[in-house]
Amino acid sequence: MMFRIDRDVLAEAVAWTARSLPARPSVPVLAGMRLEVTEDQRLKLSGFDYEVSAEVTLDLQTGEAGVVLVSGKLLAEITRALPAQPVELVVDGAKAVVTCGSARFTLLTMPVEDYPSLPAMPPAAGRVGSDVFASAVGQVAVAAGKDDTLPMLTGVRMEIDGDTVTLAATDRYRLAVRELKWQPEQPGFQAVAMIPGRTLADTAKALGGSGAEVEIALSSAGGTGEGMIGFSSSGRRTTTRLLDPEFPKYRSLLPTEFSARADLSTGSFVEAVKRVALVAERNTPVRLAFRGGEVVLEAGSGDEAQAVEALPVDFDGDEINIAFNHQFLLEGLGAIDSDIARLQFTTPTKPAILTAGKPVDEGANEDYRYLIMPIRLSS
Amino acid sequence: MSRNQLLPRDPSPPPEGPVDDSGCPILHVDMDAFFASVELLDRPELRGTPVIVGAAGARGVVLSATYEARRFGVHSAMPMTRARRVCPQATVIPPSHGKYAEVSRGVMEIFKAITPEVEPIASDEAFLDVGGARRRLGSPAAIARMIRAQVAEQYGITCSVGVASTKFVAKLASRQCKPDGLLVVPAGEVVQFLHPLPVAALWGVGERTEQALVRLGIRTVGDLAQVPVTTLRRELGAVGAHLAALAWGRDERRVVPHAPDKSIGNEETFPHDVDDPETIRRELLRLSERVAARLRAAGHVGRTVSVKLRRSDFTTITRSRTLREATDVAKEIYDTSCELYEAAGLERVRLRLVGVRVENLGPAAAATRQLGLGERETGWREAEQAMDRAARRFGPDAVKPASLVRRPFGPIGP
């Protein structure tokens with residue numbers, strides 16, 4: 001087997017595939033990246049850890065069919081460091097030789113026959129613009145739990161109902177929900193999937209930015225946790241095993257009536273929260289007092305450092321004092337993707353909703369809601 | 001052997017004559033054989049005989065012993081079985097902690113009437129800084145005599161008082177003059193007082209440090225004083241510099257009134273070693289309930305939960321976890337304890353003792369709570385506060401988790 005290819009094309013494809021390789025492989029062979037040159041002059045790079053698979057297909061000018069398995073991490077480091085010249089990889093017995101300009105690397109190959117075969121791509125369910133998808137996933141994944149001991153909260157729930165996709169994630173303290181339109185293969189298609197949040201965020205980000213469409217493929221729609229979801233876009237495909245679809249019944253938790261509304265400039269609000277939060281330890285609150293045209297932000301307590309700052313606010317409703325984890329508030333403000341942030345409340349112990357303040361220009365995502373649970377202050 | 005037996009005892013305590021106590025504002029007051037002395041108030045016929053306070057069971061340990069019993073080698077923390085072997089004629093009295101707490105409170109009141117600068121370090125000992133009371137009450141030695149007289153008069157028990165320029169010398173002095181003694185170590189004689197003592201007498205020298213020092217040929221405080229600080233720091237780390245200062249009588253620690261609780265914990269030695277995880281979890285629940293109730297009673301919340309597990313061979317491991325938010329809720333303490341126990345990999349290992357402790361304490365009044373989605377506004381905390389109220393009215397066992405209720409008539413069913 002051999003192939004010759006442009007350095008940038010190879011480096012990017014190797015880096016993309018290497019993302020899904022396990023950091024601590026359960027079997028040594030899973031640290032490998034499989035490179036295959038097909039009879040029709042294509043190069044396929046793939047990685048798999050039994051949970052996530054990734055495969056890139058590239059067109060070749062020069063290649064001899066064959067397959068080889070080499071350390072993915074090492075190959076990624078090497079290709080990243082190569083000079084901008086054509087790269088040639090030739091398999092010679094148990095060695096793979098990479099040549100680029102005057103640089104030459106000899107890599108040990110791994111037993112390719114021990115490598116598991118990648119799962120087949122499930123049937124296509126529909127398509128969505130990769131940039132829209134990446135930004136929607138980013139907005140929701142921020143609220144997914146990071147605690148792997150509670151796997152149910154580490155996922156992003158994807159509900160498909162005809163041409164509407166609803167993404168939702170929660171870590172118990174906040175909940176992010178985003179609706180977006182897509183083109184289903186069949187009108188009236190319905191499905192529910194729980195996708196591991198971190199993997200989904202990485203995948204969406206990696207497929208975004210190209211402006212192309214992402215094809216979403218789903219097996220065992222509404223399945224029992226053994227299902228799989230696949231994403232493919234411009235020669236790249238990835239599959240992920242689904243999580244147990246159990247998820248809190250979140251729709252009933254989203255408040256619909258409020259006693260107050262506050263519109264603030266997102267930028268100055270973020271700056272002010274960051275400043276007062278300098279005196280707040282992790283998981284301690286920033287207190288907000290909304291009065292008429294002003295909100296007073298405070299952090300810190302009596303026997304520690306304290307900070308206070310006031311901001312103008314367009315406020316309508318009953319005066320309210322409410323406290324939030326500053327990190328949660330900042331992540332929500334970062335996700336609304338709008339110059340104006342709108343906070344809506346009922347009471348200091350009931351969830352508040354953060355949305356984009358005004359319908360901005362075309363494509364504004366008023367379909368995004370970030371619910372945030374307050375911190376209760378003692379007496 | 002108990003560490004406080006390491007001190008050479010001066011056969012004739014110095015007379016309470018005029019010594020220079022001008023630079024000695026620190027008093028260390030230590031009740032003599034406290035629990036045993038309190039018990040003797042109810043059992044005067046046992047005066048002058050060996051008496052041991054402690055649970056009599058196979059797993060009991062000596063909590064306190066009269067000086068008559070100590071002469072046989074009995075000391076606190078000694079297993080009861082051994083104590084009985086070395087002193088079979090001793091009367092063993094089971095402890096009644098309520099009684100000791102009451103006397104302790106009274107004695108602390110006497111101290112606080114003298115100066116607000118009182119730092120209790122146990123139920124039976126405290127440091128006092130009487131620097132500010134001189135004009136009103138006289139010299140430190142005079143105040144020490146007054147304390148000894150008042151304690152004896154009001155409670156019929158004796159105490160020993162060390163008077164010195166620093167806390168640790170005062171503590172050494174009270175130990176030196178026990179029982180029923182008073183010792184002033186004048187500021188100018190601290191070094192002569194300290195240097196003949198074994199290194200183990202110093203605060204902060206435990207068994208490990210002592211072994212390390214002995215390896216270096218350092219046996220007395222005087223030996224220690226001659227070693228360059230750099231050598232000590234190299235051998236012992238930060239402790240080394242601290243010990244070098246102590247060896248010359250330098251101790252910056254001040255008397256801190258009402259030293260706040262650093263942690264609250266309870267532990268339990270099983271009557272027999274236990275390897276059944278269910279039984280161990282039930283004990284963790286019981287301890288968590290007790291610790292949480294103590295936290296709430298003291299108005300504390302804590303962020304770190306730690307679990308102590310002692311195997312039957314006495315090897316002990318401690319595992320701790322810091323929570324997202326401080327708590328005083330037994331349910332949360334218990335859940336964390338169980339996770340720590342499971343993560344320790346000691347399931348099915350025979351355990352002799354388990355303990356639950358909450359550290360990293362802060363005032364409950366400043367505690368905040370991150371609300372969770374769909375969570376009820378009143379939860380375990382409110383339920384447990386209701387338990388506290390019931391316990392105040394109907395006694396400590398009024399309400400408790402069902403798994404801790406002992407069936408009065410033996411097991412139900414087959």
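The legends below describe close-up views of a predicted model. Residues are numbered from 1 along each chain as its sequence is written, with chains lettered from A and ligands numbered from 1 in the order in which they are written. Because the model is predicted, local features need pLDDT of at least 70 and side-chain atom pairs count only at pLDDT 80 or more, whereas totals for chains, interfaces and linings use all residues.

**View 1. Packing of helices α5 and α6 in chain A.** Helix α5 (residues 266–276) and helix α6 (residues 326–335) of chain A pack at an angle of about 160°, with 10 Å between their axes; helices are DSSP runs of H or I of at least four residues, strands are runs of E of at least two, and both are numbered from the N terminus. The axes are lines fitted to C-alpha atoms, for helices over the stretch in contact, and angles run from 0 to 180 degrees between N-to-C directions. α5(A) and α6(A) are therefore roughly antiparallel to each other, a term for angles over 145 degrees. The contact is made by A:T266, A:F269, A:V270, A:V273 and A:K274 of α5(A) together with A:H326, A:L329, A:L330 and A:L333 of α6(A), where contact requires C-beta atoms, placed from the backbone, to lie within 7 Å. By class, this contact has six nonpolar, two polar and one charged residues (Ala, Val, Leu, Ile, Met, Phe, Trp, Tyr, Cys and Pro count as nonpolar, Asp, Glu, Lys and Arg as charged, and the others, Gly among them, as polar).

View 2. Nine strands of chain A form an open sheet in the order β15-β11-β12-β13-β27-β26-β25-β19-β23, with antiparallel pairing; two strands pair if DSSP finds at least two bridges between them. The edge strands, each pairing on one side only, are β15 (190–196) and β23 (314–317) of chain A, and the twist averages 15° from one strand to the next. Helix α3 (residues 130–141) of chain A lies across β11 (155–161), β12, β13 and β27 (368–372) of chain A, and runs at about 165° to β13(A). α6(A) also packs on the sheet, touching β13, β25 (340–345), β26 (352–356) and β27 of chain A, and its direction makes about 175° with that of β27(A).

**View 3. Strands β12 and β13 of chain A and the loop between them.** Strand β12 (residues 164–170) runs antiparallel to strand β13 (residues 174–181) of chain A and is joined to β13 by seven bridges, with A:L175 of β13(A) as the bridge partner of A:T170. In the loop between these strands of chain A lies A:R172, which has a positive phi of about 90° although it is not a glycine.

**View 4. Contact between chains A and B.** Here 19 residues of chain A are in contact with 14 residues of chain B. Strand β28 (residues 375–377) of chain A gives the most to the side of chain A that touches chain B, with three residues. β28(A) pairs in the antiparallel sense with strand β13 (residues 368–370) of chain B over three bridges, and the partner of A:I375 in β13(B) is B:Q370.

**View 5. A cis peptide bond in chain B.** The peptide bond from B:K178 to B:P179 is cis, with omega near -10°. B:P179 lies in the loop between α7 (167–176) and β8 (182–184) of chain B.

How values were computed:
Angles under 35 degrees count as roughly parallel, over 145 as roughly antiparallel, 65 to 115 as roughly perpendicular and the rest as oblique. Two residues are in contact if their C-beta atoms, placed from the backbone, lie within 7 Å.
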